[in-house]
Amino acid sequence: MQSGKTIPKLTRRAPRILLALGVAACALLLGGCVYLRLLELKRQFAHFDRHFVLQTHDGVRIIAQNPVLLMDDVRWIGLRPETTQRLGQAEQWHIRWVKQLPPGVTEKSSFYIALDLTFANGKLSGIAIPESYFALLPKDFLIGVIKSLGGANVDKLSRKVEAAIAADDVRLARPNLPTVDKILGVPTEEREDGPHTIQRYRYIPATKESRAGVFEMTLRYHTKSGELLHWQGRTPMGNIAFDFSGKPAR
């Protein structure tokens, strides 16, 4: 005897929708865990000397005493190694980003950004920045910027992190417009905005494995003095900004 109710048939599309929902849920869960670990990393930056060892004799190397970010977190952020190397029980990634030039523009030198990441027991335990970057960029400046992340404001809704660096702290000897031009070369885009000069640099990963790691830097200067006022990085996981104007972060 048949009931008056009809049972809807599952179409081929339904399993796909369920699968998509499942994948989305997993991604949200994973993303949530990553952000919790990033938040813990921010807390560690607030007590930098307790959680990190800083080596400056050859470039800048930051060694985590209590690593929190997983190798999979770094992949999720969008970073992929150009090359890898085994260092005993650890693994080192060499990451390189290539700058995108404006159409029709060439440079004599090759300008790119490179980092070495070290993982121990599956966690990010060290970051190394080559000495060559500090021919013009003072190490104190970079170290001060990194430490400022401990007091950064985190806006989860807009996926934005912003840190204000007090004017007094620019014993950091922040670079000016001419210095940045020598370090980074020709910007991807440059324009004037009232009394300010704005430069945008766009970088893509050197590896062809993924374009997820594309990021941009936007720098704002006072045109007349060449003074750096604001730096913003746009990454696959959100934005990070540093305010050098002496004003509190919004």
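Modeller: Happy to! This is a predicted model, and its chain holds five helices and 13 strands.

Biologist: What makes helix 4 (residues 139–148) count as mostly covered?

Modeller: A residue is called buried when its relative accessible area is under 20%. In helix 4, eight of the ten residues are buried, among them F141, L142, I143 and V145. K139 and S148 are on that list too, so by the cut-off each has a relative accessible area under 20%. Across the chain of 250 residues, 39% count as buried.

Biologist: Why are strand 10 (residues 196–205) and strand 11 (residues 215–222) called paired?

Modeller: Pairing needs at least two bridges. Strand 10 and strand 11 have eight, in the antiparallel sense, so they qualify as a pair. Y203, for instance, has F215 in strand 11 as its bridge partner.

Biologist: And how do you know that strand 11 also pairs with strand 12 (residues 228–235)?

Modeller: By the cut-off of at least two bridges again: strand 11 and strand 12 share six, also antiparallel. E216 stands opposite R234 in strand 12. The two strands form a hairpin with five residues between them, and G226 in the turn has a positive phi of about 75°.

Biologist: One more: what makes up the lining of the second largest pocket, by class?

Modeller: Seven nonpolar, two polar and one charged residues line that pocket. Its lining includes F111, Y112, Y133, L136 and I183, along with K182. Lys counts as charged, so K182 belongs to that class. The volume of the second largest pocket is about 220 Å³.

How values were computed: Residues are numbered from 1 along each chain as its sequence is written. This is a predicted model: local features need pLDDT of at least 70, side-chain atom pairs count only at pLDDT 80 or more; totals for chains, interfaces and linings use all residues. Side-chain values use heavy atoms; hydrogens and water are left out. On a 1 Å grid over the protein atoms alone, a cavity is a set of points where a 1.4 Å probe fits but cannot get out, and a pocket is an open set with protein on both sides within 12 Å along at least five of seven lines; lining residues have an atom within 4 Å of a point. Grid points are joined across faces, edges and corners, and a volume is the space filled by probe spheres set on the points. Helices (H or I, at least four residues) and strands (E, at least two) are DSSP runs, numbered from the N terminus. Buried means under 20% relative accessible area, exposed over 50%, partly exposed in between (1.4 Å probe, protein chains only).
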